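The following note is intended for a colleague opening this entry for the first time. Please read its points alongside the sequence and the coordinates.

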Amino acid sequence: MRSISVTDLKPGMILARTIVNDDLIVVLSENTELTPSHIKHLQTIDVPFIYIKDEYELSSNFLSVSALFNPADAFISEYKEVVGTAKGLIETLSKGGDEQSVYETKCLVHDTLYPLAHNSGVIDHIFELNHLASDVYNHSLRVSILSGVIGKWISLDPAEIQDLILAGFLHDIGKSKLPPNLCAMRSVAVPEEFIDDYMIHTMEASKILRACPNIPAGVIEAAAQHHECMDGSGYPLGLKGEHMHKFARIVALADLYDNLTTEVEGERRMTPFAAIEKIAVLMCSKLDPNVCIPFITSIKLSFLGSRVLLSNGMIGTIVRYANGLDAQPLIRINEATIIDLNEYMNLSIIEYNPK
């Protein structure tokens, strides 16, 4: 990685770090291949320099060595290898899957996604993926893995976790029936005027999966109900919690967490801590507290030892939480200084694992 003046940028260069403006809005995401319009835009907003990947970083030798010594790189490398397979399977099933395509999808879950969900450090690795494409295929893969992690945290048995991962993988298959502009929308950012058209994807998912052989009932229900809410305020049927399948409640949480923490150009990026705060509020109404409480407790533990960048420019390490109810951690700045973010309302974490 090397820094370079914006005036020296050339089309085809690969961005090595996400560019965020003073309002924390994502300007361009890491791994973006720069185009003439990107470069012109950077020049107009007065960005003095950026970081791009050098030739060695882009070489196959560097990528293979990085994966060997860095668990996150190894996880991301394996994840990237299955994106193409995942896209092909979702497209095949959406057109009317047969026994072979359903079998291959279940093999993907058993052989790849289930082990990824049980990977040590999976939450950190998933967050590292948040700069990748936010298309339905990447989103579905991340939701499937997150659903498997949640299933483990609430002590489901292995067979149930595999069905749950399948549910996460196929939850948005109904988007294949939406026009491209709606398909690209994230559920947390759909304008009010498009909600009626957007919500059709849950009903379409149910139709698609019911026509496929050997799809477990819970997988179908999760796809149909993952936008329903515990208080009955969701769609398409306005079901209340007692009528929602367990898988739908879990996938709804995984779907929300991924949407909140995925880096999207032109939007304010959200840290895992801000996402957890939002989830803690929603579990009193829209989300299932029986799923959210184990999720929040477990994910907070997974953050211990991680580095964070604070809004005052300081970098520190998460050392602990004052108690189980606190949303914000204690940050060690140096040997003599530990900051309890719950006591400083004007101080916040703006970047997790800063580079």
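1. His139 is placed in helix H6, which spans residues 136-153; helices here are DSSP runs of H or I with at least four residues, strands are E runs of at least two, and both are numbered from the N terminus. His139 is buried, at 5% relative accessibility, where buried means under 20% relative accessible area, exposed over 50%, and partly exposed in between (1.4 Å probe, protein chains only). The side chains of His139 and Asp255 are joined by a polar contact of 2.7 Å. Such a contact is a pair of N or O atoms within 3.5 Å; within protein, one must be able to donate a hydrogen and the other to accept it, and residues adjacent in sequence count only if both atoms are side-chain atoms.

2. On provenance, this is a predicted model, in which local features need pLDDT of at least 70 and side-chain atom pairs count only at pLDDT 80 or more, while totals for chains, interfaces and linings use all residues. Residues are numbered from 1 along each chain as its sequence is written, and side-chain values use heavy atoms, with hydrogens and water left out.

3. Which residues touch the most other members of the largest nonpolar core? They are Leu113, Ile145, Leu170, Tyr257, Ile279 and Phe303, in a core of 77 residues. Helix H3 (residues 71-94) gives the most to this core, namely nine residues. A nonpolar core is a set of buried Ala, Val, Leu, Ile, Met, Phe, Trp, Tyr and Cys residues joined through side-chain atoms within 4.5 Å.

4. Leaving aside neighbours within four places in sequence, Tyr257 is in contact (heavy atoms within 4.5 Å) with residues including Ile123, Leu146, Pro272, Ile279 and Phe303. A second, separate core has 14 residues, among them Met13, Leu15, Leu28 and Leu34.

5. Thr202 belongs to helix H10 (residues 200-210) and counts as buried, because its relative accessibility is 0%. Beyond residues up to four places away in sequence, Thr202 touches Ala223, Ala224, His226, His227 and Pro236.

6. Lys177 lies in the loop between helix H7 (158-170) and helix H8 (180-183). Is Lys177 buried or partly exposed? Its relative accessible area is 46%, so Lys177 is partly exposed. With neighbours within four places in sequence set aside, Lys177 is in contact with Ser94, Glu204 and Ile208. A polar atom of the Lys177 side chain lies 3.4 Å from the backbone oxygen of Ser94. Lys177 and Ile208 are 31 residues apart in sequence, with a C-alpha to C-alpha distance of 9.9 Å.

7. E6 (residues 315-320) pairs with E7 (residues 330-334) over three bridges; Arg320 has Leu330 in E7 as its bridge partner. E7 and E8 (residues 337-340) pair over four bridges, with Ile339 in E8 the bridge partner of Ile331. A hairpin of two residues joins E7 to E8.

Notes
Pairing = 2+ DSSP bridges.
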